[in-house]
Each structure stands twice: as structure tokens, then as C-alpha cells.
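This report describes a protein model for readers who are new to structural work. Please examine the sequence and the structure before reading on.

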Amino acid sequence: MNEIGISILEYLSMGTAVTGVCWLLARRRKAQAAKPLWVTWGAELFGVFALILFGRVALADWPKVPTGSMEPTLRVGDYLLVNKLAYGPRLPFTNTAIETGQPERGDVVVFRYPLDVSTLYVKRLVGLPGDVVTYDRGVVSLNGQPFQAALDPAYPAKPEDTGQVFVHETAAGRERIIKLDANRPGAMVPPQAWAAGEPQACQVVSAQSWRCTVPAGRYLMMGDNRDNSADSRIWGFLDPREVYGKAVRVIVNFSDLERFWTAL
């Protein structure tokens, strides 16, 4: 069952509702009557709350990346530009989305974490419903076709990349750089969720070797930091109702200003 949960949009909605009541009270009081401070401040903040809420629900959002699970595509501290119109905005307090599009393979998707829907996660969409995804020591195949992969020794490494190798990966005409553990590719993330919860969909040989058919109405998500990512291998397939938007750019990273306006 999908939880509704309380996230930033729900808090903004409650703030808009409270300040909206203050705004109405302020308008109903006679012009010469003294207004309580809470009415005055609430009424003045109503427009601010309403504008921010409209922008974050209908147009775009700007969450901050807290972990390295999508390195090197995303770095810790990146502020992302999330296009809410790519798939359709989700109404606050519900799992209902006004659908305007569908996620595609290779999209960097922001979604509500299935185990705690008040938290936003970001991963790459690897498998759509019906896709057969195979994994073998860091190499992913989709419907029998291996992703094209080649080591990229020239990619500029950062201190957090110690002990990792960079791989230039191409699938369905879309390219990205992923990270693998140099010594134990695929060994750090056991497919716990599939072994326990989706035995009919997945055949798990080991943490380094498995094969899954994505169930109807679900997505398979993986981090670009393949050996250090809490993704579908940990918590299972993603319900489309939890999709929040499409990450399209890094707005800024105050610890690395060179990442300003980086396209994803």
C-alpha cells in the first residue's frame, strides 16, 4: 500500500492554507479596526507561500543531493532543477498526479522514497514494465542487449572517487559516466528486496549476478554509483505514483562552482 506522508509540498500547502485564512480575516475586518499581529503577518505571507507552492507543485523544484549514490553524474551538495511538467505534478496530500508524460529509460528521476515517503530520492530509470534486466559484475543488459561500456581513464576524479573506476556507458542512444568499485564490482549491494519480495520476477544467483523482469506498473531504478547505491536492489521496484519529477540540470553546488548549470 502506498503511503501519503508529509513532505515539503505538504508543509507548504499547510502554510498556504493558514496564511490564506489570515488573509481572508484581514480583508473582512474594517479598515480602521486594529488587526492582530498574527493576522497582519499571516496575510502578508500568504502571497509568498502561494507563489512558492504553485511553483513547486506545477513547474519545478530544487532539492539538494545529500549522498553520493548517483556519482559522478550528481555530487553531494548539488542543487537540482527538477522539471515537474515532464511527467506531471503530484497533488499535495495524495498520490495523484496530473499526467503530462511518461518516464523514459535513462531518465534521472526524482521520487518519493518507498520506505519513507517524506524523503525524496534520485536514481536513474533502467527498466520499464516488461523489460528484462540482467546484471553481471557491473555490466547491465536490457532485453538481451548489453549496455555498451568502456573504461574512461581520463575522467577527472575527485577525492571521493578513490578506489573507483569510471565507465562510459551507452544504452538506447543515451550516454553517461558511471562508477564501479575497482576490486569488487557489484559485490557491495546485495539484491535484498528481490530475493525476499519478488521471487517470481527475479532470479538472483548472487549480489554480482541476477536477472529480473520488471513487473507491470513498476520501474527498476539504479544509481550511477553502482556499487554504493540504495536503489531497487535494496527496496524493490518503484511504483509510478511515487514519481516526483525529472532532474534536468544541476543548478549550483556551493562547494564546486564549476558544476553551475550542468546538464544531466
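The accessible surface of the protein comes to about 13,200 Å², and carbon and sulfur atoms hold 60% of that area; accessible areas come from the Shrake-Rupley method with a 1.4 Å probe, and for residues only the protein chains shown count as cover. The model is predicted: local features need pLDDT of at least 70, side-chain atom pairs count only at pLDDT 80 or more, and totals for chains, interfaces and linings use all residues. Residues are numbered from 1 along each chain as its sequence is written, and side-chain values use heavy atoms, with hydrogens and water left out.

The protein has four helices and 15 strands, which are DSSP runs numbered from the N terminus (helices: H or I, at least four residues; strands: E, at least two). Of its 264 residues, 45% count as buried, that is, under 20% relative accessible area, whereas exposed means over 50% and partly exposed lies in between (1.4 Å probe, protein chains only).

Asn143 is found in the loop between strand S6 (139-142) and strand S7 (145-146), and Trp261 in the loop between strand S14 (243-252) and strand S15 (262-263).

Another loop, between strand S1 (60-61) and strand S2 (79-83), contains Pro72. The peptide bond from Glu71 to Pro72 is cis, with omega near 5°.
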